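Here is a short report on one protein model. Take a look at the sequence and the fold before reading on.

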Amino acid sequence: YEWSAARLEEAGRAAWRALILFPAGAAPERVLRAAAGRPGAEALREAALADFHPADQLWRWHGSVADYARLHWPLTEEERRARQAALLPEWTAWLEGLRGEAETVRHRRLEMTRADLEDGLEAAREAPREAARAFLTALDGALPAPDRTLALRDFVAIAYRTGLNLTTKDEAAERARLLGNLGVALGALGRREEALTATEEAVGIYRQLAQENPQAFLPYLATSLNNLGNILSELGRREEALTATQEAVDIRRRLAEQNPQAFLPDLATSLNNLGRDLSALGRLEEALTAYEEAVRTLLPFFRVLPAAFADWMQVMLGNYLQACEEAGEETDWGLVEEVGRGLR
């Protein structure tokens, strides 16, 4: 690399030094050019130190290239953080552009730049508030749901916790949203006690907000109660799970009376969870009633959009059939056959 360094102009050496800012060994073009400058990036390509990969839409380089820069042109920690904070608007723009990509493409690019994004989260703690919040919002919009990824699952939790740490007590709705998301992410990681703490706090905030503005916040309270029931069930706290899930059902039933198209599918999922909690407590006939209502509630939507609701319907139908057997009750085979035709 000394041979390459001797032949680079100052712009090229400055660009080489900028690679220290990207621990992933990869960077989106707009972010790299903002850090290294257009002439500098091209100089790196001409010196065979870095190259743009069209398939990934990222600049990439070997780790030893950055190691050389770190050894010969080091940055202090303060300098590195300041420069990374200055790049947050470029990362924000790149993340916003990812929303239009296919899920698999988006996930791959996030995975390849994960180390850079983790440094971005650290920089956001010290960056101007507006730039930090814009970056976190864009990252939030690009992240996969925790159950849709393994490689990024822990990173999702880190991102939500960082966002939470940057909120103020006056931002109750945003805190509740992030706490709810964090609870789901921690639950997916198997960290159920931490998930419970986050979700209980979300429920408490949404309960207060719903008292002040029920139209705006009752749906969110119902969702957080539904999540609370799930976590309590996983922890074996069946009675508490039933209480939370029953409240979610009651709220969603009222919401569905006002707007069935918007809230009946949510009601179906809570009814399915209610069946789970009742079954775990040995109330088999009540569990069967809840499971059957869940299937019948989702059925009109399944008829119209079978692909969209197939996964949930398959789970609900399986629960209904098992509950019929456990309760010793007759199965509605007409219902089963109709659902079965849609699942084929």
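## A buried serine

This is a predicted model. Start with a polar contact. A polar atom in the side chain of Ser 224 lies 2.8 Å from the backbone oxygen of Leu 221. Ser 224 belongs to helix 14, which covers residues 214–234.

Is Ser 224 buried or exposed? Its relative accessibility is 4%, so Ser 224 counts as buried. The cut-off for buried is under 20%. Leaving out residues up to four places away in sequence, Ser 224 touches Thr 199, Val 203 and Tyr 206.

## The nonpolar core

In soluble globular proteins, nonpolar side chains tend to be buried together. How many residues does the largest nonpolar core have here? It has 117. Trp 16, Phe 22, Trp 61, Leu 95, Phe 135, Leu 139 and Tyr 320 have the most contacts inside this core. Helix 17, residues 284–304, gives the most to it, with 10 residues.

## Helix 2 against helix 4

Two packed helices are described by the angle between their axes and the distance between the axes. Helix 2 spans residues 10–18, and helix 4 spans residues 38–46. They pack at about 85 degrees, and their axes are 8 Å apart. Angles of 65 to 115 degrees count as roughly perpendicular. The two helices are therefore roughly perpendicular to each other.

Which residues of helix 2 and helix 4 meet? Helix 2 brings Ala 11, Gly 12, Ala 15 and Trp 16. Helix 4 brings Gly 40, Ala 41, Ala 43 and Leu 44. Of the residues in this contact, six are nonpolar, two are polar and none is charged.

With a relative accessible area of 25%, Arg 13 is partly exposed. It is in contact with Ala 5, Leu 8 and Trp 73, leaving aside its neighbours within four places in sequence. The C-alpha atoms of Arg 13 and Ala 69 are separated by 8.6 Å. Along the chain, these two residues are 56 residues apart.

Asp 67 gives another pair of this kind. It is placed in helix 5, residues 63–72. Its relative accessible area is 44%, so Asp 67 is partly exposed. Its C-alpha atom is 7.9 Å from that of Ile 20. Asp 67 and Ile 20 are 47 residues apart along the chain.

Helix 3 covers residues 29–36. Which of its residues are buried? They are Val 31, Leu 32, Arg 33, Ala 35 and Ala 36. These buried residues pack against helix 2, helix 4, helix 6 (77–86) and helix 7 (88–98). They also pack against strand 1 (26–28) and strand 3 (58–60). Just after helix 3 comes Gly 37, with a positive phi of about 85 degrees.

At 68% relative accessibility, Ala 48 counts as exposed.

At 36% relative accessibility, Gln 57 counts as partly exposed.

Arg 114 is in helix 9, residues 114–124. Is this arginine buried or exposed? Arg 114 counts as buried, because its relative accessibility is 18%. Apart from neighbours within four places in sequence, Arg 114 is in contact with Ala 151, Leu 152, Asp 154, Phe 155 and Ile 158.

Ala 131 lies in helix 10, residues 129–142. Its relative accessibility is 22%, so Ala 131 counts as partly exposed. The C-alpha atoms of Ala 131 and Ala 280 are 48 Å apart. Along the chain, 149 residues separate this pair.

How values were computed: Residues numbered from 1 in each chain as written. Predicted model: local features only at pLDDT ≥ 70, side-chain atom pairs only at ≥ 80, totals over all residues. Heavy atoms only, no water. Axes fitted to C-alpha atoms, helices over the stretch in contact; angles between N-to-C directions. Helix = DSSP H or I, 4+ residues; strand = E, 2+ residues; numbered from the N terminus. Parallel < 35°, antiparallel > 145°, perpendicular 65-115°, else oblique. Contact = heavy atoms within 4.5 Å. Nonpolar A, V, L, I, M, F, W, Y, C, P; charged D, E, K, R; others polar. Buried < 20%, exposed > 50% of the residue type's maximum accessible area, 1.4 Å probe, protein only. Polar contact = N/O pair within 3.5 Å; in protein donor to acceptor, adjacent residues only side chain to side chain. Core = buried A, V, L, I, M, F, W, Y, C linked by side-chain atoms within 4.5 Å.
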